[in-house]
Amino acid sequence: MDRRSFLLTAALSGFGGATAPDWAALGRGLDGTLVRPGQAGYDAARRLYNPTFDSIRPRGVAYCATPQDVAECLAFARGERVPVTSRSGGHSYAGWSTGSGLVVDVSRMNTVTYRAGRATVGAGAKLIDVYDKLIANGVSIPAGTCPTVGIAGLTLGGGLGVVSRKYGLTCDALESVRIVTADGRVLTCDASNHSDLFWACRGGGGGNFGVALSFTFRTHPARDVTVFFLHWPWSRATSVVRAWQAWAPSAPDALWANLHLTRSAGGLDVQVGGLYLGGRTACAKLLDALVKAAGAPSSRYTAERSHRAAMMIMAGCSGRTVAQCRRMPREAFVASSHLGYAKMSGAAVKELVARVARPGGHAVLLDAMGGAISRVRPDATAFPHRQALFSVQYYADGGDRGWLRGVRGAMEPHLGEHAYVNYIDPDIARWRQAYYGANAARLSAVKAAYDPGRLFRLPQGV
């Protein structure tokens, strides 16, 4: 059966008959590769970044090579009533980049091109390759730090990153997106075409409205920067948190900083790290203000680096090649989040520090917001948290969900319900409000318009 015949048969068959799905026909119709249980490569094909979800065994993983492959997979899923899940980098915190049915994997659609201030990035591109290929042209886009995260999930959920205070979220640099919708249409969405879907693709979360194929971004110059890392003894943790939250969100836009409170096998650690879009001398003056409020650190490092070297450092890939960075070890973890709209009280800071100090392997990561992020209206994109001062990520090694639930529950009276959809957490009960706030109703309307049959279903799906 050729591609045209398969698509026609799937369309005419409606929602399934009594026969078993014809997986062989689907495989023959793809330019890419369909991998099924028992076939060579299946164990690798079904794995996500997080080994926590290794027990999930999809009925098929389709490595799509073209938009037509994606459309064919969706026609198959509709006609055969097979659950379908899209996957780019496979980093969903809840494991929702896989499922029991068909996984539509776009990792082979990973081309990165640049021309005249615009970058077009295939939805399967990993962040390390986006940085590598764009910086070779002297440009970059605002994005995150994890080297193997897929550009699709990052962008669709908003995209907090290391230069976001200067250049905005990843989705703020987005000018258009190509996407295959539930009915198999390949749409180019921008401010003038399918503008409601374009709006939803900037912060509405991955896996809700279609399968993204590619993104076109405005770029910014990739100039030399200053990176910095400061450490304090744990006895100064409370003072550092108080000083950081008053300093980082209100610093000049060129400075981005994070704060890590960590308990690991090596003990307890307090670290402030970040990046400054400028020289070392100017950066040092800004850091002096933090040190004055927090107290003298036990170590302090600042260095001017190329943009490429800085992104490798922030990715945890210092001293590695790009190829080695693509092969970073998998990690088993659980995580959740809050968005801080106001500085934490003294009591809240003490509670946070005490929770990290408990036995186990876990961390709390705070990333500064403000700057350019805050100068976009909360309803201009689907990402609603424009007035947040910082994000808070709770991270537990292995599967310590008990600690995770405890720390998030303890901090909710202080921080409220707000959460980041890219740190999706199945334990958040009022997730619509937490992720989307006042934008939730409009997102539901977009969902009804472009996926009325709810082909794309997630436990926390719009």
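UniProt lists residues 53–222, in an unreviewed entry, as "domain: FAD-binding PCMH-type"; its positions are given in the numbering used here, feature names are shortened, and annotations may be inferred rather than shown by experiment. Residues are numbered from 1 along each chain as its sequence is written. The model is predicted, with local features needing pLDDT of at least 70 and side-chain atom pairs pLDDT 80 or more, while totals for chains, interfaces and linings use all residues, and side-chain values use heavy atoms, leaving out hydrogens and water.

**Annotated span**
- The end C-alpha atoms of residues 53–222 lie 37 Å apart, and the span is 23% helix and 26% strand (DSSP runs of H or I with at least four residues, and of E with at least two, numbered from the N terminus).

**Sheet and helix**
- An open sheet of 4 strands runs in the order β1-β2-β4-β3 with mixed pairing, where two strands pair if DSSP finds at least two bridges between them.
- Because β1 (33–35) and β3 (84–87) stand at the edges with a single partner strand each, one side of each is left without a neighbour in the sheet.
- Strands β2 (residues 60–63) and β4 (residues 102–105) pair in the parallel sense over 4 bridges, and glycine 60 stands opposite leucine 102 in β4.
- Helix α4 (residues 67–80) packs on the sheet and touches β2, β3 and β4.

**Serine 391**
- Serine 391 lies in strand β18 (residues 390–397) and counts as buried at 1% relative accessibility (under 20% relative accessible area, with a 1.4 Å probe and protein chains only).
- Leaving aside neighbours within four places in sequence, serine 391 is in contact with residues including Leu160, His338 and Asp367 (heavy atoms within 4.5 Å).

Notes. Axes fitted to C-alpha atoms, helices over the stretch in contact; angles between N-to-C directions. Buried < 20%, exposed > 50% of the residue type's maximum accessible area, 1.4 Å probe, protein only.
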